[in-house]
Amino acid sequence: MIEVNIKGIGKIKLDKEKSIFSTVKRIDKKFAKKLIAAKVNGREVDLSYVLKENDSVGLIKIGDKEALDILNHSMAHIMAYAIKNLYPEAKFTIGPAIEDGFYYDIDLEDTISSEDFPKIEKEMKKIIKKNYNFERSLVSKEEARSIFKDNPYKLELIDEIPDKVLSIYKTGEFIDLCSGPHIPSLSKIGAFKLLSVAGAYWRGDEKNKMLTRVYGTAFFDQKDLDNYLKRIEKAKISDHRKIGKDLDLFSFHDEAPGFPFFHSKGMVLRNNILKYWRQEHRAEGYQEIKTPIILSNELWKTSGHWDNYKDNMYFVKIDEKDFAIKPMNCPGAILIYKSDQHSYRELPIKYAELGLVHRHEKSGVLHGLFRVRNFTQDDAHVFCTEEQMEEEIAKIINLIDRMYKVFGFEYHLELSTRPPKRIGSDEIWDRAENVLKKVMGDGNFAYEINEGDGAFYGPKIDFHIKDCLDRTWQCATIQLDFAMPEKFDIEYVGEDNSKHRPVMIHRVVLGSIERFIGIITEHYSGNFPVWLAPVQAIVLPISEKFKTYAESIYSSLKKEGFRIEIDNRVESLSKKIRLSELRKIPYMIVIGKNEQNTGTITIRKKTGGDMKEIKLENFIADIKKEIKEKKL
RNA sequence: GCCCGGAUAGCUCAGACGGUAGAGCAUUUCCAUGGUAAGGAAAAGGCCACCGGUUCAAGUCCGGUUCCGGGCUCCA
């Protein structure tokens, strides 16, 4: 007689050891059908797991996040099985479940393209029809080595597993090294689809062989797959590269790969963001500066960039002397600090700089405005005393929080600690990391730790924003730096009339203005709030008869400073509305006989429906209020 | 940088087997003077990314280059 505790069911006595599935089935047959796997004493196991005395069991059923992960992981095996059937020489490496799907990395002589997907999917369906089980068995390391003797990747993995006994799973003829668990039956698979194929280095190391990675996704229900595919489609139409082109915001050209061109409508976004940015920074006591783009190599040697950042920098020669195009703004700010003596009374000194930096990025990583080779950082360098730094960091966090709210962003924090390649002593790093931890702790900010990801001169707090494809992007960062002041030997005169070393805080709020514009474009799907919209309203006369009145409305609004257009073309109203909708202009102003007679205008909001005939001055007051409040 | 794929009109895309280019939208003009997401007609618009090769003949086949896309590595 053994006793186990099953969460949601309670303590159960069994007269002999039984599997989880048969135990639950005896109690609730219907419920058992929904089961996918279980967690015994905190470890995920198959439903075939045989219960032991005192086991504490949590059930994983359809609907749980873990269940979907297990399904996807099982699908990776099925896909591998199918690929093995079609490409017998394929060597399999790892095939995990990931967010929204799974992949398998395969060493393959043939190339697979998305055109091969139907063929592979068909083979997968054939396998699923056979309704195999995932048969788990335990083998010794020696047995495992002999089973996978032709697969150097699996052998490498086997050698690294500390356990003496390894688990393998057999599905039909396909055997894979795997800790499991798996779905109890292939009949649980509701729907699946192969999504894409890509290259991936073995173990993510670019020195290793490039493997073929096939991505796919699976769900318990066809409807869930359909919804997922719809979501992907929706993300595609929010893509800032597409919207940027459609709305004439920016462009890229072969003549300057990775260097964005901003069109006049894109500049409206940019200038309005910066206007707001300057307003916030003035209020916070920042002084705006501007430093050169080209600076002597000597400076970059002093700063440590030459040793730590050279591969990402561009260089030029001027009058036989070597110069670098700045990849960061800090040395310039330091030169300004050094151009004068400073007293403790002046601190903190906060230099803000919208600095254009250039960084050489590998060609394969360029990605619209998200990843470019030149960008404008909304940078600032705070020079302060050690006593002031906590307060200053807290102020920066609050500033970032305030500014992100205006755009309606969610974000999370990460603390990046000392990287292998760095300047400054371990004591300095300890101190700096502790200060950042303390400030986040005091402010009750949850954060993750990103081990070894700090800048070469100091640890940092990073703010990550989520975009429409659920990718996260680093925007704001706060970096604490004891090293650079040392290198540049900067100082202030203290209360005691002797010289002291200030601490430097590097920080950006929006990060890169270019990237930020990309992010908000996706965030709003191009439907910018009125304060940002490149065109805020468009006047649409119903016919030529009302041209004069329409033009008078247009010029009144223009005079008020709004970004306004008029569509005077000889086209139907429906067509003009459609085109304005496609251009995502927030307000359409329809002018016809009624409006002319009563001296009013009719407002049509982009969202449709909501139409009203009002007086021009009321509209002006409304829209001014909306702009002032930066209404979302 | 690496793997796979792509590049045809301003935009979105068609173009079997090689025989020198086609649609829709946008643009211009004309007709219709219109009431809330495409009124009708016509015109104009192309070094088919670039360089080379095969061929009587290349948008199409083969090399190479550039750029773009999906990933990997890296990153604001």
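Reply:

Helix α17 passes α20 in a right-handed crossing; a crossing is called right-handed if the near helix is turned clockwise from the far one by less than a right angle, and left-handed if anticlockwise. The model is a predicted one, in which local features need pLDDT of at least 70 and side-chain atom pairs count only at pLDDT 80 or more, whereas totals for chains, interfaces and linings use all residues. Residues are numbered from 1 along each chain as its sequence is written, chains are lettered from A and ligands numbered from 1 in the order in which they are written, and side-chain values use heavy atoms, with hydrogens and water left out.

Helices (H or I, at least four residues) and strands (E, at least two) are DSSP runs numbered from the N terminus. Helix α17 covers residues 547-559 and helix α20 residues 616-628; their axes are 11 Å apart and the packing angle is about 35°. Such axes are lines fitted to C-alpha atoms, for helices over the stretch in contact, and the angles run from 0 to 180 degrees between N-to-C directions. I553, S556 and L557 of α17 meet L616, F619 and I620 of α20, where contact means heavy atoms within 4.5 Å. By class, this contact of α17 with α20 has five nonpolar residues, one polar and no charged. In that division Ala, Val, Leu, Ile, Met, Phe, Trp, Tyr, Cys and Pro are nonpolar, Asp, Glu, Lys and Arg are charged, and the others, Gly among them, are polar.

Another pair is formed by helix α9 (residues 264-283) and helix α13 (residues 389-407), whose axes lie 12 Å apart at an angle of about 150°. That angle makes α9 roughly antiparallel to α13; under 35 degrees counts as roughly parallel, over 145 as roughly antiparallel, 65 to 115 as roughly perpendicular, and the rest as oblique. The crossing of α9 past α13 is right-handed. On the α9 side I273, Y276, W277, E280 and H281 take part, and they meet L399, R402, M403, V406 and F407 of α13. Seven nonpolar, one polar and two charged residues make up this contact of α9 with α13.

Helix α13 also packs against helix α14 (residues 426-442): their axes come within 10 Å and cross at roughly 55°. The two helices α13 and α14 are therefore oblique to each other. Here, too, α13 passes α14 in a right-handed crossing. M389, E390, I393, A394 and I397 of α13 face V435, L436, K438, V439 and M440 of α14 in the contact, which divides into eight nonpolar, no polar and two charged residues.

Beyond the helix pairs there is the RNA. A residue is near a strand if one of its heavy atoms lies within 4 Å of it; of the 54 residues around RNA strand B, Y201, R371, S543, E544 and R569 come nearest. Elements that each supply at least two residues of this surface include α8 (240-246), α18 (573-582) and α19 (593-598). The surface near RNA strand B has 18 nonpolar, 16 polar and 20 charged residues. A polar side-chain atom of E595 lies 2.5 Å from a base nitrogen of RNA strand B.

Conventions: Polar contact = N/O pair within 3.5 Å; in protein donor to acceptor, adjacent residues only side chain to side chain.
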